[in-house]
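Here's a quick tour of some aromatic contacts and strand pairings. Have the viewer open and follow along.

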Amino acid sequence: MFGFLIENNVVCHAVEAMVFASIACGILGVIISRMSLSSLGFTMSHAAFAGAAIGMFLGIGSQMAAIFFSAFVAALIGPVSDKAKMAADATLGVLFAMSMAVAIFLVSYMQYMGRGLTATNLLFGNVISLYREDIYALAAVSALTVIFVLAFFKEISALMFNMKIAEASGVRVKLVYYILLFIVAISVSLSLNIVGGLLIFVLLVTPASIASQFCFNVRSMFVAAPMIALSVSALGVWAGFKFTLPIAPLVALLLTFVFAISVILSFKRRINYKKY
Amino acid sequence: MSIIELNEIYTAYEGGDKPVIRDLSLSVKPGEYVVIGGPNSAGKTTLLESINGLIRITHGSATVCGLDLRRSGNEVRRRVGYVIQNFYFDPFTPFTVEEVVMMGRYGRMGLLKRPSRSDFEAVDKAIRLVGIEELAEKTIGTLSGGQQQKTMIAHNIAKEPEVMMLDEPFSNLDFNAREYLQGIFKNMAGNGTPILMVSHAFDGLPETRIHLVVMNRGRITYDNVCDADEVEPIIRDECAVV
């Protein structure tokens, strides 16, 4: 897609992957951060990680297994929270621990069996070994995310404002919430190859947190967060190739650095000391 | 004909050893001004949330706006306004007062629909009615508790509800604001929209016949019509008896 801009095929794929993952994760991050569901990010990322480990262990496609397992976890979150009358955050904690246990168990076992290297890729990602199909899948999920937000913008806004007030207004809260969970599951699973199970959380939460330091309304946050993710990721990919550095952790560190700067510079925090 | 008809309903929370609401029957007609009083933990908020289906009724039958509550909870919520008791909006909440008031209409708009001209008109009217025009462009998290409360009242007025339920709607408001809003609710009742209000503050009640419901330990102990100045003494007596 960006072949006309970047000659090197490997770099081109890496940039394309980062761009599409940034769009999807940046937009979804705005929603889950505002709904105080940041733990959804790490639960889904570890569910995808566990799914990929299962796929690898069974010798089936790790990406498809990641999608199925994280979709399975997404399907559990809502009903388990409702049934157990627990806050979604507590349910996420339980499912996170379960996913992590499955993943560590299988990765350790595979290392013991001499298949450790491929398993480690799941942890840290491998942005330079992507296939064209991976990029198309990421492009599709970014488009799906954009369509989801445009189609359900008013319901999503109501959920982000206050879930109980939204429900009392007659908004179909559960339907939109469950769709959100599934899109997060698919986005995270597909992004796993790029930054890995441990760092995908950064792409989900940090750009939205940076945007919230400067944006006063939700529309601007939905534009700013993916733009921030996209710019920083592209810079990370460029610097990674230029200075031969590991790309995923570099992107994570750059995003964290930008977050720190944004907290310091945020004009939303300024106090007016003027006397009138 | 009643707009709310509850027949021997029970409501229980999971894990609770006793139902919060027990064997409760209530009938509310269009245009009634209902005040629900009683001590803490009497089940007043639970009653409101049972009426709009936020809390499931375990036994008995309930009809609201002509709909069976057990089958059509979401449709009931689209038609019933409910100002909740406790809310907190952090200073970074990225929604303006105007957007929050518009959200009151999201349920009745339905999925995949955009606000129409009539929605914007209803929002504008609600904002002007409550008197928060100067706050319309401000983000809700930067407002005082009283201003936030007025915004939530406008949010529900914009909904053009068939029933208006209010849970401690004046807890953050000064006397003038309370009296002004009571006047708005009286007008709504006059236009046929019943008002159900849970409150512990009875000053500024409109000079109209009040349908007083007193609750204690999940049951209704008093259900009759009285004058506004009789509300507080009756509640005191009823609470002292039990």
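A residue counts as buried under 20% relative accessible area, as exposed over 50% and as partly exposed in between, using a 1.4 Å probe and protein chains only. F170(B), for one, is buried at a relative accessible area of 4%, and F185(B) is buried too, at 0%.

Some bookkeeping: this is a predicted model, where local features need pLDDT of at least 70, side-chain atom pairs count only at pLDDT 80 or more, and totals for chains, interfaces and linings use all residues. Residues are numbered from 1 along each chain as its sequence is written, chains are lettered from A and ligands numbered from 1 in the order in which they are written, and side-chain values use heavy atoms, with hydrogens and water left out.

**Aromatic pairs**

Rings of Phe, Tyr and Trp (its six-membered ring) pair if their centres lie within 6.5 Å; planes under 30 degrees apart are stacked, over 60 edge-to-face, and the rest tilted. Searching the whole structure turns up eleven aromatic pairs over all chains. Two of them are set out here:

| Pair | Centre distance | Plane angle | Class |
|---|---|---|---|
| F161(A) and F95(B) | 5.9 Å | 80° | edge-to-face |
| F170(B) and F185(B) | 6.1 Å | 35° | tilted |

Helices (H or I, at least four residues) and strands (E, at least two) are DSSP runs, numbered from the N terminus. F161(A) sits in helix α7 (residues 153-161) of chain A, while F95(B) is in the loop between β6 (80-83) and α3 (97-103) of chain B, so this pair joins two chains. Both F161(A) and F95(B) are buried. They also belong to one aromatic cluster, together with F87(B) and F89(B).

**Strands in chain B**

Two strands pair if DSSP finds at least two bridges between them. One open sheet in chain B has four strands in the order β2-β1-β4-β5, with antiparallel pairing. Its edges are β2 (21-28) and β5 (67-68), each with a single partner strand, so one side of each has no neighbour in the sheet. Two bridges join β4(B) (residues 59-64) to β5(B), where L67(B) is the bridge partner of V64(B).

Elsewhere, β9(B) (residues 210-216) and β10(B) (residues 219-226) run antiparallel, joined by seven bridges. V213(B) stands opposite D223(B) in β10(B). This hairpin has two residues between its strands, and R217(B) takes a positive phi near 50° there.
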